Amino acid sequence: MTASLARAALAALLTSGVWALPAAAPASPTGPAASPKHLSKPAASAGATAEQAPHAEAKGDAAPWGEPHLAIIPRTDKERARIAAVRALAEDFSRPERFETHPAGKATRFGLHSREAFSTPSANMPFEREALFKLGNGLFERVFEPAPGANAQTDGLGPIYNTASCQRCHLKDGRGHPPDGPQDAADSMFLRLSIPKSLSSLPASVLDKMPNAPEPVYGLQMQDRAIAGHAPEGRMRIAYEPVPVSLADGSVITLRRPRYSVVETGYGPLHPAVQLSPRIAPQMIGLGLIEAIPQGDILALADPEDSDGDGISGRPNRVWSAEFGQWMLGRFGLKAGAPTVKEQSAGAFAGDMGIANPLHPGGGGECTPDQQACLKAPHGYDDGEKPVEISAKMLDLVSFYARNLAVPARRDLEDPLVLRGKEVFYGLGCAQCHQPKFVTHRLKDQPEQSFQLIWPYSDFLLHDMGEGLADHRPEWLATGREWRTPPLWGIGMTKAVSGHSYFLHDGRARSLLEAVLWHGGEAEAAREAVRALPKQDRDALIRFLESL
């Protein structure tokens, strides 16, 4: 497509009346269409959709595993062409792109600079739906108690658990952090557990529908708290060792490499082949928009065999949906281990709090057959009822809340340092994995997420990030060296919302620069390029990230 045709297609798209984008957004033009060597993989293939994507088996908006969680209005061929043009990577870095101020389209919230910046509803939410958001927020903040409790709506906690409330992990809906020292509680961090599937005694038919083989006694997650009369499973211990990294200007950044172990085990020794993976609670913004990205657009970015030779070989995670009884694209979690917001929420209720729910029924949460006292403890439901401690309606309300936490607006877009940092970001190839833009599905029943131009800066695929970040614990198709590309929107608000600047899956990075310097594997070339940058360009890169 020539530059003039690309500009014409973009102009038609923005004036067609079908875009759910703010009429008052800045009107600065985008740059000319990028040449193929500067385009992301979907743009370079002239707007590839599911029918051109790796693993695709169907035409149009259909993709190999399906999207049963969405009520989709199919796109037209004309819309596809327009979207391909608007998603092309920028080449003009002299000014912001049009609508770049609105990372979540019309759902973007402006004027948010305090600790509440991640806790407001989608800006385009109809008034009549705001009550659902408030009810979901109330359940998100609710502190559960052991059964039997004074309130049947809030009992059922544990018997073993990590937290008594969603809000205690995701404080202010923001990012968690590792303990500050041996005496600090791990309120927003825990350990995943597993053993190799080849060593499990579970039937193959059962293991096929599980992300990992559970540790035989302790399950898939270590719970470090317990109700009265029961023992916690253990306590996570972290030891750090310094890792100095030299930069081209002679300065040295000292990273910290964590080592994890479990002490004070409550139910005997761990399996000798146990796999440990630390997890920090992620920020909660923009989840419904991620859920609404067309599956085919994500799959079009996949290049598992690196057929184009660019060193980037992202691949999708395939996960089993307990709700829909089928394989789906993994979108959520640090290894893309959950297909929908609802299933991610249901897993957290069961694993983090021991709260039985429609997708994880039965009291006891993560209690295993070797923890009989745990299994026999009082539960939060009556014998004549379905074995759940929160109802389907309550789970739906929490999911609605999580789906609609708004993304804050970009800041300082016209700052020359931010614009230079954006140019450095693109020039280093960071946008190959941290894909800037998508357009969500047009949806029948989700006005907040329907047909929005969004800027999450992620391809939502798995990438080999090298030995330095490896946890050596597979999850579905993800290997022990692979992680999902994390969205970058809102990352510059971490300090304001969460009161810290810890990043990566386990919070080892204490700054954005440290997070970049931990990149390896497919991102090693980009990391080395950052090390070689002059200080002014390195500072500009960080300033750009802080503006997101």
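This is a predicted model: local features need pLDDT of at least 70, side-chain atom pairs count only at pLDDT 80 or more; totals for chains, interfaces and linings use all residues.

Tutor: On average the chain has a pLDDT of 88, and 88% of the residues score at least 70. Over residues 1-40, however, the pLDDT is below 50, although this stretch has 73 contacts in the model beyond near neighbours in sequence. The pLDDT is also below 50 over residues 42-62, a stretch with 45 such contacts.

Is Gln 223 buried or exposed? Its relative accessible area is 0%, and buried means under 20%, so Gln 223 is buried. The side chain of Gln 223 has a polar atom 2.8 Å from the backbone oxygen of Gly 351. Leaving aside residues up to four places away in sequence, Gln 223 touches Ile 160, Tyr 161, Asn 162, Pro 232, Glu 233, Gly 234, Gly 351 and Glu 366.

Beyond residues up to four places away in sequence, Tyr 161 touches Gln 223, Asp 224, Arg 225, Ala 226, Ile 227, Asp 352 and Met 353. Met 353 deserves attention: Tyr 161 and Met 353 are 192 residues apart in sequence, yet their C-alpha atoms are 4.8 Å apart in space.

The loop between α4 (130-141) and β2 contains Pro 148, and Pro 159 is found in the loop between α4 and β2 as well. A cis peptide bond joins Ala 147 to Pro 148, with omega about -5 degrees. Another cis peptide bond links Gly 158 and Pro 159, and here omega is about 10 degrees.

The next topic is a pocket. The second largest pocket holds about 460 Å³ of space. Its lining has 21 residues, and those nearest its centre are Pro 179, Pro 182, Asp 184, Arg 235 and Met 236. Strand β5 (residues 235-246) supplies five residues, the largest share of the lining. By type, the lining consists of ten nonpolar, three polar and eight charged residues.

Gln 449 sits in the loop between β11 (442-443) and β12 (453-454). At 1% relative accessibility, Gln 449 is buried. The side chain of Gln 449 makes a polar contact of 2.9 Å with the side chain of Gln 446. Among the residues that Gln 449 touches are Ser 122, Gly 288, Leu 289 and Arg 403.

Lys 393 lies in helix α11 (residues 392-403). Its relative accessibility is 64%, and because exposed means over 50%, Lys 393 counts as exposed. Asp 412, in the loop between α11 and α12 (416-427), is partly exposed, with a relative accessible area of 42%. Although Asp 412 is not a glycine, its phi is positive, at about 60 degrees.

Technical notes
Residues are numbered from 1 along each chain as its sequence is written. Side-chain values use heavy atoms; hydrogens and water are left out. Buried means under 20% relative accessible area, exposed over 50%, partly exposed in between (1.4 Å probe, protein chains only). A polar contact is a pair of N or O atoms within 3.5 Å; within protein, one must be able to donate a hydrogen and the other to accept it, and residues adjacent in sequence count only if both atoms are side-chain atoms. Contact means heavy atoms within 4.5 Å. pLDDT is the predictor's confidence in each residue, from 0 to 100. On a 1 Å grid over the protein atoms alone, a cavity is a set of points where a 1.4 Å probe fits but cannot get out, and a pocket is an open set with protein on both sides within 12 Å along at least five of seven lines; lining residues have an atom within 4 Å of a point. Grid points are joined across faces, edges and corners, and a volume is the space filled by probe spheres set on the points. Helices (H or I, at least four residues) and strands (E, at least two) are DSSP runs, numbered from the N terminus. Ala, Val, Leu, Ile, Met, Phe, Trp, Tyr, Cys and Pro count as nonpolar, Asp, Glu, Lys and Arg as charged, and the others, Gly among them, as polar.
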